[in-house]
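Visitor: I am new to this structure. Could you walk me through it?

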Amino acid sequence: MASKTKAIMQIQLDQNDADKIGDDLLEYAETLCQALGMDCQRITNEMTSGDLSHLIETFNKYFGDYIELLNVDQAVFTKK
């Protein structure tokens, strides 16, 4: 079950498709950066400076108040 947070959107991620997760989160980050007036280049550089787990953690750091990432079981997403 998903946790109750102040996130305004939930995104379900398929852990079996790591490449797609990274690409999708980068696209969401770019859209959110533009909407929120954030430095997109700095944030996406930070997101891509490590592995998928780092990318997810960085996404949550900047956008966790707006987007809740869920795995296919509707639990809050954590890397395998």
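Predicted model: local features only at pLDDT ≥ 70, side-chain atom pairs only at ≥ 80, totals over all residues.

**A short tour**

Visitor: Which residues gather with D23 in a patch of negative charge?
Guide: The patch lies on the surface.

Visitor: How do strands β1 and β2 run, and how many bridges join them?
Guide: Strand β1 covers residues 9-12. Strand β2 covers residues 67-70. Q10 stands opposite E68 in β2. The two strands run parallel, and the bridges that join them number four.

Visitor: Which residues of strand β2 are buried on each side?
Guide: In a regular strand the side chains alternate between the two faces of the sheet. Both faces of β2 are covered. One side has I67 and L69, and the other has E68 and L70.

Visitor: What share of the chain do buried residues make up?
Guide: Buried means under 20% relative accessible area. The chain has 80 residues. Buried residues make up 31%.

Visitor: M9 is in strand β1 too. Is M9 buried, partly exposed or exposed?
Guide: M9 lies in strand β1. Its relative accessibility is 37%. Buried would be under 20%, and exposed over 50%. So M9 counts as partly exposed.

Visitor: How much accessible area does the nonpolar patch with M9 have?
Guide: The patch is on the surface. Besides M9, the members are I8, Y28, L36 and Y66. Together they have about 460 Å².

Visitor: Now the charged pairs. How many salt bridges does a search of the whole structure find?
Guide: Side chains of opposite charge can pair when their charged atoms come close. K20 forms a salt bridge with D24. The side chains of E46 and K61 meet in a salt bridge as well. The search finds two.

Visitor: How far apart are the closest N and O atoms of K20 and D24?
Guide: K20 and D24 are four residues apart in helix α1, so about one helical turn separates them. K20 is partly exposed at 44%, and D24 is partly exposed at 22%. Their closest N and O atoms are 3.1 Å apart.

Visitor: What is the N to O distance in the salt bridge of E46 and K61?
Guide: E46 is partly exposed, with a relative accessible area of 22%. K61 counts as exposed at 56%. The N to O distance of their salt bridge is 2.8 Å.

Visitor: Which helices does that pair link?
Guide: E46 and K61 meet in a salt bridge. The pair links distant parts of the chain, 15 residues apart. E46 is in helix α2, residues 40-47, and K61 is in helix α3.

Visitor: One last stop, E57. What separation do the C-alpha atoms of E57 and M47 have?
Guide: E57 lies in helix α3, residues 52-63. E57 is exposed, with a relative accessible area of 52%. E57 and M47 are 10 residues apart along the chain. Their C-alpha atoms are separated by 8.2 Å.

Conventions
Residues numbered from 1 in each chain as written. Heavy atoms only, no water. Patch = residues over 30% accessible without salt bridge, like charges linked within 9 Å, V, L, I, M, F, W, Y side chains within 5 Å. Areas by Shrake-Rupley, 256 points an atom, 1.4 Å probe, with all protein chains shown as cover. Salt bridge = Lys/Arg side-chain N within 4 Å of Asp/Glu carboxyl O. Lys, Arg positive; Asp, Glu negative; His and termini not counted. Charge placed at Lys NZ, Arg CZ, Asp CG, Glu CD. Buried < 20%, exposed > 50% of the residue type's maximum accessible area, 1.4 Å probe, protein only. Pairing = 2+ DSSP bridges.
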